[in-house]
Amino acid sequence: MKMIAAVIKPFKLDDVREALSEIGVQGMTVTETKGFGRQKGHTELYRGAEYVVDFLPKIKIEAAVSDDKVDAVIEAITKSANTGKIGDGKIFVSSLEQVVRIRTGETGSEAL
């Protein structure tokens, strides 16, 4: 089992959600977050004053998937979140040691 976390641009959320649903990902956690990578923020004007926006709005999607779905999930996120411009985001994959469904007590891949 793997935990896949993807940080994407906010307007790409619906596209990514639909792509993951199509390949059978049943659940995910979505968090509004802020950050920067190579984008390094930008400057804006507000009422004549210039200020630096260091952290840009992003969306973090987390999904626990079985090992056999990892490549399909990565491909779906990559294709649906890609704009071809800087700041498209990143995907992180980590191992899950255990998963427990609280309601039923199911563990492992049955709990996904």
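Strand E5 (56-65) gives the most to the lining of the second largest pocket, with 4 residues. Strands here are DSSP runs of E with at least two residues, helices are runs of H or I with at least four, and both are numbered from the N terminus. The model is predicted: local features need pLDDT of at least 70, side-chain atom pairs count only at pLDDT 80 or more, and totals for chains, interfaces and linings use all residues. Residues are numbered from 1 along each chain as its sequence is written, and side-chain values use heavy atoms, with hydrogens and water left out.

The second largest pocket holds about 280 Å³ of space. Of its 15 lining residues, Gln 26, Gly 27, Ala 64, Val 65 and Leu 112 are the closest to its centre. A pocket is an open set of points on a 1 Å grid over the protein atoms alone, where a 1.4 Å probe fits, with protein on both sides within 12 Å along at least five of seven lines; lining residues have an atom within 4 Å of a point. Volume is the space filled by probe spheres set on points joined across faces, edges and corners.

The largest pocket holds about 330 Å³. Phe 36, Gly 37, Arg 38, Gly 89 and Lys 90 lie nearest its centre. Strands E2 (29-35) and E6 (89-95) each give two or more residues to its lining.

The largest nonpolar core has 16 residues. Such a core joins buried (under 20% relative accessible area, 1.4 Å probe, protein chains only) Ala, Val, Leu, Ile, Met, Phe, Trp, Tyr and Cys residues through side-chain atoms within 4.5 Å. Helix H2 supplies the largest share, 5 residues. Val 16 is among the members that touch the most others.

Key:
Buried means under 20% relative accessible area, exposed over 50%, partly exposed in between (1.4 Å probe, protein chains only).
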